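Here is my note on the model. Please read the points with the structure open.

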Amino acid sequence: MKALEAENLHVSVAGRLILKGVDLALEKGKVHALMGPNGSGKSTLAFALAGHPEYPIHQGRILLSGEEITHLPPDQRAKRGLFLAFQYPPEVEGVRLRELMRLACGDQGQGFCDFMERYPQAVRRLHMEDLAERELNVGFSGGEKKRSELLQAWLLRPKVALLDEPDSGVDVDGVRVIADTIRELADSGTAVLVITHYPRVLEYVPPARVFVLEEGRISQEGGPELARAIEKKGFKVVKG
Amino acid sequence: MNQKTALQRGLSQRVVEGISREKGEPRWMLELRLRSLELFQRLPKPNFGPDLSEIDLSDLAYYVRSVEPVKSWDELPEEIKRTFDELGLPEAEREALAGLGAQVDSEVVYRSILEEVRAQGVIFLPMEEALKKHPELVRQYFMRAIPPEDNLFSALHGAVWSGGTFVWVPEGVEVKIPLQGYFRMQTAGAGQFEHTIVVAEPGSSVHYIEGCSAPRYTKAVLHSGMVEVFAKQGAHVRFTTIQNWSRNVYNLNNKRAIAEAEAKVDWVSGSLGSKVTMLYPTTILAGPGAKTENLGFAFARDGQHLDLGARAIHLAPETSSRLVSRSVVQGDAKAVFRGKVHVAPQAKGARGHVECSTLLLSPEAKTETIPTLNAETDQVELAHEATVGRISQESLFYLMSRGLSQQEAMSLIVNGFVSPILKEIPLEYSLELKRLLEMSFQGALG
Ligand SMILES: Nc1ncnc2c1ncn2[C@@H]1O[C@H](COP(=O)(O)OP(=O)(O)OP(=O)(O)O)[C@@H](O)[C@H]1O
Ligand SMILES: [Mg+2]
């Protein structure tokens, strides 16, 4: 059974159909990459999978560990083990990361996440000692926001982690930390989808599959070599 | 069974004299009451704020003694004892307070003070008892910060006040843990008019906390308390009020502090309950270097009209004020914030900052911010900021994508919004407040 399957997904945003039949399957314990030109709908796909109300699904379905979640609200998807690291995490005034994570962990049932023990580990793991008590994403630099998202994924140990550009705007050392975290996630059994424009992070954690999203569909699929080819030649040339 | 004393409904000279006789007051107090009554009959109604026409002053019971004072919680009538238990008062008394006074309707029914605090010379007494034991001390302060002439409700209060607390902290004494007064309106159709005075002698410090609640009745009733704070040179007084009146209460209060040189007065006000509230805690910065912080938060829900504000009157040089308010408005409720800073010509170097943010939870929710910054000298720094916003859908989705239900996510966002104020409140109380907010929130969303 696949950890996550999307079949024939049609998704619109602001009244415009963006995804026109996306098929995608993610495997437990494996890293996958999703690439594609700006505006091709990668974030749209991630939002639709996570249940964002402004990204309605018109056709197709989503299965999480074989269970259909196509029309579940976002919190129900999260509780079943789906996690989305945002490309642009919003700033939430007055709410602390620790508080959010305590609530999130509390909801995962006993033993799933021993918050008190794992939170400090996660903070160290992502080098976030200075940020742990700050308000959620408020005034975080671009790179800090990315680390905060990864920290949450690491802590919640989801079945499926959708990471929307976890490496964008991250410095060299940061990319390594993020790549290591992705590997640990996969090693612990999480099916990971890394949305990225850069093969660098994929050099550290070679993906089992690379998908390319173009014009609302998965236009190509391949191994790690596909990411390298895109880096060299761009989307159009590879396709041709 | 406790005997109940209630004077006839409605306001008249006979009722006012009755209250005074009941309490065995000195002559000057009776005179103050009668003068207040006379003023009340001719002062105009407030020319701003909410509609008060529903209150029927002629059908209100102004004095009700429903419970006799006791020495221990166990002696209280079962219903009251259970209520106080549920409110956690005996527990707070044991764990977090230097003293506690609890009032039911018109009279204080329970009072305690830590021996070590009393040994420091601190006076913490029901107002009536203070008036008997320390008549001259009380007379020196009673309605000296807010005279009956001030407004319609200060006049009414002067005529019919009953209960409340007198706190006096000797020079240099630091009362390290808070004193608390708790006010319960228990009897249907009865008003409450407690009078609280806090006097902090030079260099002393004290934190006084007020809580209030009432069972819900259908008929509109009036609560019109008065608080007067006197912070002498270098003294520090913090006055915290958490108001959770039921939704038939008109809560029209007068609160004013006089801060002498280098003194600091902080008001922290949480307004959750009542049908209508008018509350504008005021600090008169009377001595050089005096400071005030005025922090308010409000959660106005369906049918409520909370008309709130804060005022700072700068009368001396180098004084500073910071007025901050955070309101959350739900349903068709209305929250108003009137922030007023006045700087007199002699108050050179004064600094004033007014900041008001409102979070609207529904399309029908209403809010208004009315700042008045007024300086009679140009050597001042005054600033004003106001923001009105709604819950960001992006934040809501973000939190829900972490597994929080919509309700949990919303209450987390609301809590976050008011957190700059909540963190100023002692932990035991802010936790309680958070719980109250969450509870109200569940109802609010349903
Ligand atoms: N909330 C929105 N309102 C209007 N249009 C939107 C919204 N979200 C996305 N779109 C549009 O949908 C299309 C796909 O956007 P999406 O963010 O999914 O692209 P992307 O592949 O993630 O791009 P990038 O690589 O730049 O992150 C774009 O044309 C974008 O402008
Ligand atoms: Mg994107």
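1. Buried area is the accessible area (1.4 Å probe) that two parts lose on being put together, summed over both. Between chain A and chain B about 2000 Å² is buried. Carbon and sulfur atoms give 62% of that area.

2. A caution on the source. This is a predicted model: local features need pLDDT of at least 70, side-chain atom pairs count only at pLDDT 80 or more, and totals for chains, interfaces and linings use all residues. Residues are numbered from 1 along each chain as its sequence is written, chains are lettered from A and ligands numbered from 1 in the order in which they are written, and side-chain values use heavy atoms, with hydrogens and water left out.

3. Look at who touches whom. In contact (heavy atoms within 4.5 Å) are 32 residues of chain A and 20 residues of chain B.

4. Next, the charges. Chain A and chain B share 2 salt bridges (a side-chain nitrogen of Lys or Arg within 4 Å of a carboxyl oxygen of Asp or Glu). B:Arg402 forms a salt bridge with A:Glu149. Their closest N and O atoms are 2.8 Å apart.

5. Now ligand 1. It is surrounded by 16 residues, each with a heavy atom within 4 Å of it. The closest are A:Arg16, A:Lys42, A:Ser43, A:Thr44 and A:Tyr55.

6. Which atom of A:Lys42 lies 2.7 Å from an oxygen atom of ligand 1? A polar side-chain atom does. A:Asn38 also places a polar side-chain atom 3.0 Å from a ligand 1 oxygen. A:Gly41 uses a polar backbone atom, 3.0 Å from an oxygen atom of ligand 1.

How values were computed. A polar contact is a pair of N or O atoms within 3.5 Å; within protein, one must be able to donate a hydrogen and the other to accept it, and residues adjacent in sequence count only if both atoms are side-chain atoms.
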